[in-house]
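Subject: Structure handover

Hello,

Here is the structure for you to look through. Please open it beside this email and follow along.

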Amino acid sequence: MTAHCLFEQSGTFKNEFKKLGYRAYDYDILNDFGETDYITDLFAEIETAYQGEKSIFDRITKDDLILAFFPCVRFEDQITLHFRGQGFAQKNQTDEQKLEYSIKLQEELTELYCLISKMVIVCLRKELRMIIENPYSGQHYLKRYWCIKPKMIDMDRTRNGDSMKKPTQYFFINCEPKSNFVLEPIEYVEKISIDKINGVNRKTKRSMIHPQYANRFIRQYLI
């Protein structure tokens with residue numbers, strides 16, 4: 001089995017798969033961590049594969065596993081506030097400015113919704129196994145408006161060795177989560193509050209997953 005980690009440039013899950021003896025590769029358009037094995041426009045690859053043309057999905061077999069950390073920036077709760085013109089940065093905007101921004105948001109939301117749906121369709125057609133990771137919340141767009149339902153929801157990732165609680169949902173395509181026991185104790189990890197993350201790398205830090213969590217997740221639910 002080879003693990004193909006889409007939209008992951010940190011190498012976190014990739015390297016934990018490798019520690020467990022599996023081949024693994026990261027795919028992303030960026031390489032900020034120096035861990036991206038295939039620098040590629042995954043959105044373009046999804047569109048190409050959906051059209052039945054040659055893409056990176058052709059090199060993935062039914063015995064492999066895809067982990068897709070699909071961009072969630074337009075699916076999260078805060079986007080609802082911006083659609084209503086109630087975002088913090090919008091308090092001094094005119095109605096026209098708010099409406100123009102709403103149009104832009106809707107276009108981006110529609111594009112991402114179509115892309116994640118096409119990605120699943122590609123895997124269904126090719127019978128490829130895939131797990132999609134995304135945040136979980138009451139107003140999350142995929143929770144409310146997607147026909148694919150998560151097969152696993154982790155409401156507190158710190159209980160399995162992560163540094164952030166951040167509720168997360170996992171969609172399993174062409175596979176089911178396993179129920180393996182991981183018996184060794186969890187090593188202490190300093191907790192990080194999302195609300196207290198500051199600086200230019202805030203979005204990056206919010207999306208990070210601790211290696212301990214990744215390792216335990218792989219062994220508990222994937223292999």
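Residues are numbered from 1 along each chain as its sequence is written, and side-chain values use heavy atoms, with hydrogens and water left out.

Confidence: pLDDT is the predictor's confidence in each residue, from 0 to 100. The chain has a mean pLDDT of 92, and 93% of its residues reach 70 or more. Over residues 196–200 the pLDDT is below 50. Where pLDDT is low, the predicted coordinates should not be read in detail.

Helices (DSSP runs of H or I, at least four residues, numbered from the N terminus): the axes of α2 (residues 42–50) and α4 (residues 95–126) come within 9 Å and cross at roughly 50 degrees. Axes here are lines fitted to C-alpha atoms over the stretch in contact, with angles from 0 to 180 degrees between N-to-C directions. The contact (heavy atoms within 4.5 Å) involves residues of α2 including Phe43 and Ile46, and residues of α4 including Leu112 and Leu115.

Asp28: this residue lies in strand β2 (residues 23–28), a strand being a DSSP run of E of at least two residues. Asp28 counts as buried because its relative accessibility is 8%, where buried means under 20% relative accessible area (1.4 Å probe, protein chains only). Leaving aside neighbours within four places in sequence, Asp28 is in contact with residues including Phe7, Tyr38 and Leu42.

Regards

Key
Predicted model: local features only at pLDDT ≥ 70, side-chain atom pairs only at ≥ 80, totals over all residues. Buried < 20%, exposed > 50% of the residue type's maximum accessible area, 1.4 Å probe, protein only.
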